[in-house]
There are 12 protein chains.
Amino acid sequence: MADAVYKKIQVVGTSSESFSDAAAKAVSKVAETEKNLSWFEVVELRGAISDGKITQYQVTVNVGCRVS
Amino acid sequence: MADAVYKKIQVVGTSSESFSDAAAKAVSKVAETEKNLSWFEVVELRGAISDGKITQYQVTVNVGCRVS
Amino acid sequence: MADAVYKKIQVVGTSSESFSDAAAKAVSKVAETEKNLSWFEVVELRGAISDGKITQYQVTVNVGCRVS
Amino acid sequence: MADAVYKKIQVVGTSSESFSDAAAKAVSKVAETEKNLSWFEVVELRGAISDGKITQYQVTVNVGCRVS
Amino acid sequence: MADAVYKKIQVVGTSSESFSDAAAKAVSKVAETEKNLSWFEVVELRGAISDGKITQYQVTVNVGCRVS
Amino acid sequence: MADAVYKKIQVVGTSSESFSDAAAKAVSKVAETEKNLSWFEVVELRGAISDGKITQYQVTVNVGCRVS
Amino acid sequence: MADAVYKKIQVVGTSSESFSDAAAKAVSKVAETEKNLSWFEVVELRGAISDGKITQYQVTVNVGCRVS
Amino acid sequence: MADAVYKKIQVVGTSSESFSDAAAKAVSKVAETEKNLSWFEVVELRGAISDGKITQYQVTVNVGCRVS
Amino acid sequence: MADAVYKKIQVVGTSSESFSDAAAKAVSKVAETEKNLSWFEVVELRGAISDGKITQYQVTVNVGCRVS
Amino acid sequence: MADAVYKKIQVVGTSSESFSDAAAKAVSKVAETEKNLSWFEVVELRGAISDGKITQYQVTVNVGCRVS
Amino acid sequence: MADAVYKKIQVVGTSSESFSDAAAKAVSKVAETEKNLSWFEVVELRGAISDGKITQYQVTVNVGCRVS
Amino acid sequence: MADAVYKKIQVVGTSSESFSDAAAKAVSKVAETEKNLSWFEVVELRGAISDGKITQYQVTVNVGCRVS
């Protein structure tokens, strides 16, 4: 396999639905400006609370993109 | 914004359904005795296994509450 | 309670569906060869991306098994 | 010296002035409800930004209090 | 098993005898005000020295208590 | 609140005056090219020494910026 | 010295007596199935509490065994 | 020395030869688009295995670049 | 891609030549008893010194193997 | 640049004034016995509390000194 | 209290008896050459195994000494 | 084996050639003033970059020396 180089971009996705949705949104947003997204790593899971209920899920991910 | 002070309370929620449900139960329980819950941070994900299947999801979270 | 000894086995489950499914698959696979699985600890959450979308969820877990 | 027991309380102080002021506010707030505060440990330094400038300093500290 | 919620309380036990005694004192002190203590986790081991000898053992533990 | 996505940019600010000034310079520099800076997290504190005195303060910060 | 290879096996020993006894039990159990045990590293110290007293000590250790 | 600001860019270099070559490739690639590269920090060492042999070395590095 | 499960095996390779050689020896040894080795992660780099010179390189690696 | 070797000395500075002053005192003290101090890294920030107020700032720093 | 400076010295004590004895030996050895030892912090617990039994306890400690 | 005590000395070796050479230089320098060097542990790998190329390798190591 060729000796590729990848950059890691750290993004925080947020969602009122779930951590999964927050991660998907983070990846989608990176895909708008970067090509060749290859993998992601979850760095942190947090969220917001209102009136005693979880109202926002926040996922910090590193997204690995092959540099052309 | 005013110079508020927050305390962090560490709780472990458990659920036979999912990590999400375990986190929600943890937050709800804190809301029974504390006011002004603002955010949470996931600290640890674990669980119990019986007969080769996951039977309990356990989520340790720090819950941030504004001190009035 | 008796002074049992447990071993921890580190496995990575993968799933095209969700992190939960990946964890379940990891535990099931360990259950094929080990007895007395007792608990698991999530060590890492990662995944693969294709065409700007998450296509695989990968969960590294430690599975604790009682040694008979 | 007597075999004392201490509890650690984790609080987040905030200030528009400085990290030092945020830490002082966190300690003062704990002192309103707890006695015998003995030491603190800085756990995290963060802050808020508005219009490209730091507008709030946030310090997470563990405060150690002797339990009587 | 029911979907219980646990809180973790961080305490530092001290003893002139041993780390074990310090941990036992920490747990006993928590038991004076909390019910349903279930487990503990050792977070830190330190101590004081006088005249070139260890004169105090200090154990920081998280104590998990089921919230009723 | 809308499901925003944020990117984190890691920068090192330096100052001959103080850690606070170094952090402020780091944030200002990011603000020259990025919009919607929201928060920062201190990652590392270091510095240079000359002739036995601290001559430069260096602060590594993650700056969180909302992606439009 | 020859270029040996070692594997590390992670086990959790438990004891109603002490952490030392729990570690000894963990090592003994590994010695039942593995040869050439060389060293151990303590990874985690935890335990169970009943009626406000420590009733079980749990030690997680990595045991290094030379592979023949 | 002037109060410069640096950004850190995280990249993964790969090589079929060695970790050193992988690091060199990572730095070279960053140099194609960034100026004033000053230092690097090794964050992670991994690699791929085929037919029981190491076939690719992967080095994650943070590259520090002075922002003009 | 199929939902494979991988196990991670932690081994320590040693070599009088270099860290690279130590890692290669560790992977080779795992390949003697396991099939489908896929990747490795460097966990720790250490070594022995005799007469003021490095005489042994020791590399702890996690080797990921697909479970059939 | 010559292939210098540096040693790191870990010291704790204390001050009733500020963390900055505590760090400066730590560096000054090292400079009394060591030459060629080059840089410092902040390892830990703690302090003492009396009567509900911070009365001492304690900074643990690694000081890097070139070995001649 | 005066603005003292402390240095931390990292030592590894060993004992065929117990971790406590190993820590005591480490502190005693430091006391032979340093004055004003004030505290210690346990950094690591390891040991040697022979014939399937623990034969040596090894404790790495940081010893804090006030610099006069 | 006798109950020896070891001290750990943290040094940073630098080399324009390789990380291995940097580590060797670090160990050699310690051997000029200390006796009975026994082992080393790699703590950090960094380096300098000039004109887009790695020009210096820097290895931080802990060197363990038996205290006589």
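Reader: Across the interface of chain A and chain H, how many residue pairs are in polar contact?

Author: In this predicted model, five residue pairs are found in polar contact across the interface of chain A and chain H, with both residues of each pair at pLDDT 80 or more. On the side of chain A that touches chain H, two elements each give two or more residues, namely β1 (5-15) and β3 (53-67) of chain A. The largest share of that side comes from β1(A), which supplies four residues.

The extent of the contact may be described next. Chain A contributes 12 residues and chain H contributes 15 residues. The size of an interface is often expressed as the accessible area lost when the parts come together. Here chain A and chain H bury about 1000 Å² between them, and 54% of this area lies on carbon and sulfur atoms.

As for charged pairs, the count between chain A and chain H is one salt bridge. The salt bridge joins D3(A) to K25(H), and the closest N and O atoms of this pair are 3.5 Å apart.

β1(A) pairs with strand β1 (residues 5-15) of chain H in the antiparallel sense, over four bridges. Within this pairing, K8(A) has Q10(H) of β1(H) as its bridge partner.

Key: Residues numbered from 1 in each chain as written. Chains lettered and ligands numbered in written order. Predicted model: local features only at pLDDT ≥ 70, side-chain atom pairs only at ≥ 80, totals over all residues. Heavy atoms only, no water. Contact = heavy atoms within 4.5 Å. Buried area = accessible area lost by both parts, 1.4 Å probe. Salt bridge = Lys/Arg side-chain N within 4 Å of Asp/Glu carboxyl O. Polar contact = N/O pair within 3.5 Å; in protein donor to acceptor, adjacent residues only side chain to side chain. Pairing = 2+ DSSP bridges.
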